[in-house]
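Here is a briefing to read beside a protein model. Keep the sequence and the 3D view open as you go.

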Amino acid sequence: MSVIQKIKQNMMTPNELLYLKYQQLPIKKKMILFESTHGREFSGHIFALVESLIDFYPQYDFRIAVKDSVVLPLKYAKFKVNHLSKPYFEYLATAEILINDTSFWSFFHKREDQQYYIFWHGTPLKHLGKATQVQGYGNVQRNLAMADQIFVSNHFTKEIIQKDFGLVDIVKNQIVVAPSPRNAGLFIDRAIKKRFVYMPTWRGSSTSNIQVSLELVNHLVELDELLSDAEEMFVKLHPYEANLFDFDTYQFKHLKKFPEEETYTFLQTVDKIVTDYSSIMFDFIVTNREVILFTYDEHLYRKDRGMYIEPNALPFKQVTSIKDLILALREHAEVDYTSLCQTYCPFDGQYGTQQVLKFILANEKRNNIQVFENWNQKENVLIYAYQLADNGITASLMNFFHTIDLKKRNYILTWQDGMIPQNLEHKIINLPKGVYTFIAEGKVQSTLKEAFSSMCYMNQLPAATTDVQRMYLRDFDRQYPNLHPDYFIHYPGYDRSYAAWMWILKKVGIKTMVFVHTDIEKELALNRYLKKNIIFQAYKEATRVVCVTKTVEEKILKLVPEANTVVLNMPININKIQRLALEPLAPSVPDRLVDILLDPNKKVFINIGRFSKQKGLDRLIKAFESVEDLNAYLILIESYGPEKECIYKQVANSNKKNHIFILKNIRNPFNMLKEADYFIFSSRYEGLGMVVLEALSVDTPVIMTNIPETIDILGGTEKTMVVENSLEGLITGFKAGLDGLLPKERFASDEYEEICLQNWELLFVDTQDV
């Protein structure tokens with residue numbers, strides 16, 4: 001992506017800039033903005049609430065946000081505001097009360113004096129949020145967290161929303177189990193015999209390429225042929241498909257397009273309803289009229305989307321062919337959904353909408369409206385860890401997650417939606433229970449002046465830092481609504497934007513920590529993207545600068561004497577490493593290499609890291625080329641990095657290429673590490689060199705360059721064989737290994753791990769108590 005494209009992608013639209021301007025206007029008291037499905041329709045909860053509001057709360061003014069193409073009933077036409085128009089942004093910024101049934105777009109940022117309520121759109125049968133994907137639901141999660149209250153109609157939905165949108169325990173707002181506003185109208189029985197409705201679920205996965213499936217068309221054609229003149233079937237497609245399907249061109253005889261009448265009002269007249277996996281089934285049961293499920297593709301749908309409830313567990317007639325569907329429609333079936341209603345519609349009734357409005361607008365408490373707090377009252381610790389790349393920084397964080405006591409605080413891992421590469425999403429999936437996730441989403445909200453000041457600041461030019469501070473504080477609240485973290489941890493320690501948070505977030509009472517994992521002087525010399533002034537200001541201002549070794553701390557204090565430093569060695573999760581070391585080698589490991597590893601006459605040296613100048617792979621390969629012993633082999637298990645092509649080329653041109661193996665994407669390197677004769681550590685510099693500790697934990701001897709930080713952690717040079725930090729030193733190391741030399745002392749991994757965990761807890765002791 002070019003620089004111009006990046007700027008365009010992150011620039012606010014003119015209307016979004018207006019939205020920031022409108023947020024400076026006074027709040028319009030007793031004004032409510034309603035929005036349903038991002039303005040695609042006016043129905044369901046929103047319709048019911050508006051209808052009741054007009055009848056019982058005439059003192060309130062309101063607007064209904066819909067797309068320009070949506071025609072409102074005449075009664076409501078004067079309240080229409082076009083979705084994403086300038087007036088829409090003004091009402092979004094100034095209405096005292098905001099109500100929707102899904103979410104507002106990512107630019108939305110509730111003001112402190114606004115009240116925001118979400119009426120969740122139904123009981124979920126299919127998976128939602130993190131149950132379906134690792135990323136991609138950030139804006140919904142953010143909206144749910146931003147709402148003052150989220151309304152659901154049953155405890156089942158409450159638990160799903162809390163869990164799979166990551167609200168439970170960490171978000172300081174409320175979820176409310178209450179009557180469903182849209183279901184209130186269903187208690188009016190105007191049913192017409194032999195009037196049916198078919199409401200199939202949309203089966204697509206991408207909104208960028210929506211098509212009406214041929215299978216759906218064939219089903220509709222067959223339905224039309226088999227229905228009689230005495231029967232009528234209304235078809236309501238998902239809005240995505242309805243916009244593409246030209247009903248009139250098919251000249252159906254018995255099928256009818258769903259009328260313009262509001263959905264739940266029309267459903268009062270329906271004898272039987274046909275759906276598949278839609279939540280409408282849980283609504284219609286309050287009528288005690290029959291629900292039929294046409295689940296012809298249940299196996300595929302379950303595989304693609306997953307389900308919380310198996311359709312077979314529900315007391316509905318299920319069919320898989322149109323012929324059987326016709327028979328079911330004509331069959332007289334007595335149904336009793338009383339028990340099902342107690343689970344999924346326990347509080348619904350004809351006056352439910354009025355009761356909910358009284359609760360919101362008049363604070364009237366009722367037994368059928370139950371309020372639950374999402375937050376568990378523990379401290380929130382927000383942790384940024386960038387892309388979770390395959391490196392020692394990520395490994396150390398994951399080790400902390402697997403070893404610290406997760407019950408003491410709420411540890412919340414955060415990243416920008418879409419930032420984690422797909423091949424690394426498994427790290428999120430495999431987080432231990434007790435580690436929470438919250439996805440940041442949307443462009444930074446800034447005025448032009450703030451954006452200019454921020455650009456200057458990030459490039460170490462003169463800048464108005466008050467503008468930078470105002471922009472970031474506003475956007476932090478937009479991205480992490482109602483989290484109110486007690487601590488923010490910048491774990492990688494490099495990212496400029498998050499480094500600025502070290503001093504900015506302190507302004508609102510958040511304690512900030514920045515980790516230093518490496519020799520920052522050498523890193524600044526090699527990494528042109530790092531900005532010295534910004535990083536050093538972060539060290540100066542952070543509540544704590546967490547150094548992974550004593551040597552790193554000494555260098556930081558030399559560079560930034562004002563820094564409040566603390567030393568915290570990184571854990572290695574010994575139990576996990578030793579367990580993985582006993583697993584069989586992966587099938588992807590070449591058979592020839594397996595034979596070499598198992599041959600006692602071969603000498604195998606191994607290196608694990610990434611393709612970067614820092615790791616010294618170029619000189620490691622050169623050093624290995626000096627080895628004359630034909631029984632010596634070198635394994636490089638590397639993950640990624642800027643030197644990848646150079647290293648591959650160097651190996652391909654090496655006179656020892658038949659004795660060098662490069663392996664990538666090895667999920668478990670520890671079994672191979674254990675089988676190797678020596679781990680050879682070739683880094684030019686490190687903050688820690690955690691892989692050295694991992695090698696020692698599986699009793700593989702280590703030959704290492706003279707890295708003071710790593711030697712400091714080990715308590716001296718006795719536990720490894722330390723060589724000069726040079727090409728000549730690595731040549732000496734290979735010779736020592738071929739001669740069978742071994743370190744003088746053994747590494748006490750259990751004792752080391754215990755100290756790491758004790759020091760982790762000290763991070764959360766108030767500075768004045770340290």
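Leaving aside neighbours within four places in sequence, Thr549 is in contact with Val567, Asn569, Gly687, Leu688, Glu709, Asp712 and Ile713. Contact means heavy atoms within 4.5 Å. This is a predicted model: local features need pLDDT of at least 70, side-chain atom pairs count only at pLDDT 80 or more, and totals for chains, interfaces and linings use all residues. Residues are numbered from 1 along each chain as its sequence is written, and side-chain values use heavy atoms, with hydrogens and water left out.

**Thr549 and helix α22**

- Thr549 sits in the loop between β20 (544-547) and α22 (550-559). Helices (H or I, at least four residues) and strands (E, at least two) are DSSP runs, numbered from the N terminus.
- Is Thr549 buried or exposed? Its relative accessibility is 0%, so Thr549 counts as buried. Buried means under 20% relative accessible area, exposed over 50%, and partly exposed in between (1.4 Å probe, protein chains only).
- In α22, the buried residues are Thr551, Val552, Glu553 and Ile556.
- These buried residues of α22 pack against β19 (511-516), α20 (520-526), α21 (532-541), β20, β21 (565-567) and α29 (708-714).

**Two more single residues**

- Arg474 belongs to helix α18 (residues 465-479). Arg474 is buried because its relative accessible area is 17%.
- Arg474 touches Leu20, His109, Gln445, Ser446 and Glu450, not counting residues up to four places away in sequence.
- Lys744 lies in the loop between α30 (727-738) and α31 (749-762). With 72% relative accessibility, Lys744 counts as exposed.
- Lys744 and Thr720 are 24 residues apart in sequence, and their C-alpha atoms are 7.6 Å apart in space.

**The largest nonpolar core**

- A nonpolar core is a set of buried Ala, Val, Leu, Ile, Met, Phe, Trp, Tyr and Cys residues joined through side-chain atoms within 4.5 Å.
- How many residues are in the largest nonpolar core? There are 153, and Leu413, Tyr539, Phe679 and Trp760 touch the most other members.
- Helix α19 (residues 496-504) gives the largest share of this core, with 7 residues.

**Helix pairs**

- The axes of α19 and α21 come within 8 Å and cross at roughly 30 degrees. That makes α19 roughly parallel to α21.
- Axes are lines fitted to C-alpha atoms, for helices over the stretch in contact, and angles run from 0 to 180 degrees between N-to-C directions.
- Angles under 35 degrees count as roughly parallel, over 145 as roughly antiparallel, 65 to 115 as roughly perpendicular and the rest as oblique.
- Arg496, Ala499, Met502 and Trp503 in α19 meet Ile534, Ile535, Gln537, Ala538 and Glu541 in α21.
- Helix α7 packs with helix α12 (residues 322-330) at about 45 degrees, with their axes 10 Å apart. The two helices α7 and α12 are therefore oblique to each other.
- From α7, the contact uses His219, Glu222, Leu223 and Leu226; from α12, it uses Ile322, Lys323, Leu325, Ile326 and Arg330.

**The parallel sheet**

- Strands of a sheet pair through backbone hydrogen bonds, either parallel or antiparallel.
- Here 6 strands form an open sheet with parallel pairing, in the order β10-β9-β8-β11-β12-β13. Two strands pair if DSSP finds at least two bridges between them.
- The edge strands, β10 (255-257) and β13 (317-319), each pair on one side only.
- From one strand to the next, the twist averages 25 degrees.
- Strand β9 (residues 232-235) runs parallel to β10, joined by 3 bridges. Val235 stands opposite Lys257 in β10.
- Helix α7 (residues 214-226) lies across β8 (195-199), β9, β10 and β12 (291-294). Its direction is at about 125 degrees to β10.

**The mixed sheet**

- Another open sheet has 8 strands, ordered β3-β2-β1-β4-β5-β6-β7-β14, with mixed pairing.
- Its edge strands are β3 (80-82) and β14 (370-373), and each pairs on one side only.
- Strands β1 (residues 28-35) and β2 (residues 61-66) pair in the parallel sense over 5 bridges. Met31 has Asp61 as its bridge partner in β2.
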